[in-house]
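Subject: Structure handover and notes

Dear colleague,

Please find below the structure that I said I would pass on. My notes on it follow, with the cut-offs spelled out where each term comes up.

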Amino acid sequence: MFARLFYSLGAAGGGAAFSQFPEYYAHYVQRLGGRIDQARQRAEEIRTDAAEKGLTVEDYIEQFLESAPHSLEGARMSESIFQLDRMEAAYRALRDAPPLQRPFAFAEHMNTGLVEATLGDFNPAVPLTPEGLAYAACGVLAGLILVLGSRRVLRRRRPKELEA
């Protein structure tokens with residue numbers, strides 16, 4: 001009786017935990033898209049300023065980098081452009097990843113600051129989509145494996161005198 005309860009709790013806990021991933025993933029990708037929109041706006045401002053001075057973006061940034069009082073601003077501009085390229089590549093990879101490969105794409109392209117920010121606003125939900133149900137099923141299996149594994153470890157650690 002106790003074993004069934006233990007297995008049921010493990011399966012339910014695993015299913016509930018894993019089923020959260022598709023929802024969290026969607027929130028993360030949406031937040032990343034918002035950051036890309038902001039970065040594109042900043043990059044456009046830099047391009048506009050460069051064009052007004054008759055310079056390429058690279059030459060415009062280089063002028064800032066070579067000027068001691070403005071070198072920090074030049075570094076920020078350069079980083080903005082670089083971050084935009086990196087975020088757009090990550091966004092494409094995350095959006096194009098098939099549902100069951102998303103955890104791997106997420107691990108490869110995650111930004112820790114964005115992970116924390118998304119987690120801070122995340123509200124658990126159980127998506128009843130095929131993807132959500134597939135992750136829940138994987139979670140049920142993982143929960144059962146965890147319970148079975150922990151029971152075996154506990155049995156091995158039990159003193160021999162108690163078993164007799």
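This is a predicted model: local features need pLDDT of at least 70, side-chain atom pairs count only at pLDDT 80 or more; totals for chains, interfaces and linings use all residues.

**Salt bridges and what they join**

Arg42 and Glu45 are three residues apart in helix α1, and are therefore separated by about one helical turn; helices here are DSSP runs of H or I with at least four residues, strands are runs of E with at least two, and both are numbered from the N terminus. The side chains of these two residues, Arg42 and Glu45, meet in a salt bridge at 3.9 Å, N to O, where the term stands for a side-chain nitrogen of Lys or Arg within 4 Å of a carboxyl oxygen of Asp or Glu. Arg42 is partly exposed at 27% relative accessibility, and Glu45 is also partly exposed, at 39% (buried means under 20% relative accessible area, exposed over 50%, and partly exposed in between, with a 1.4 Å probe and protein chains only).

Residues are numbered from 1 along each chain as its sequence is written, and side-chain values use heavy atoms, with hydrogens and water left out.

By the salt-bridge rule the count comes to seven. One of them pairs the side chains of Glu88 and Arg40 at 2.9 Å, N to O, and because Glu88 lies in helix α3 and Arg40 in helix α1, this pair ties together parts that are 48 residues apart in sequence. Glu88 is buried, with a relative accessible area of 19%, whereas Arg40 counts as partly exposed at 42%.

Another salt bridge brings together the side chains of Glu131 and Arg102 at 3.1 Å, N to O; Glu131 lies in helix α6 (residues 130–157) and Arg102 in helix α4, so the pair ties together parts that are 29 residues apart in sequence. Glu131 counts as buried at 19% relative accessibility, and Arg102 counts as buried at 17%. Salt bridges that share partners also join Asp37, Arg40 and Glu88 into one network.

**Overall form**

The protein has seven helices and zero strands. Its radius of gyration is 25 Å, while a compact globule of 164 residues would have one near 15 Å; the radius is taken over C-alpha atoms, and the globule rule is 2.2 Å times the number of residues to the power 0.38. The C-alpha trace spans about 85 × 40 × 25 Å along its principal axes, and buried residues make up 29% of the 164 residues.

Ala97 lies in the loop between α3 (71–96) and α4 (102–109) and is buried, with a relative accessible area of 10%.

**Surface patches**

Phe2, Leu5 and Leu9 form a nonpolar patch on the surface, with about 360 Å² of accessible area together. Patches are made of residues with over 30% relative accessible area and no salt bridge, nonpolar side chains (Val, Leu, Ile, Met, Phe, Trp, Tyr) being joined within 5 Å and like charges within 9 Å; accessible areas come from the Shrake-Rupley method with a 1.4 Å probe, and for residues only the protein chains shown count as cover. Leu9 lies in helix α1 (residues 2–52) and is exposed, with a relative accessible area of 55%.

Best regards
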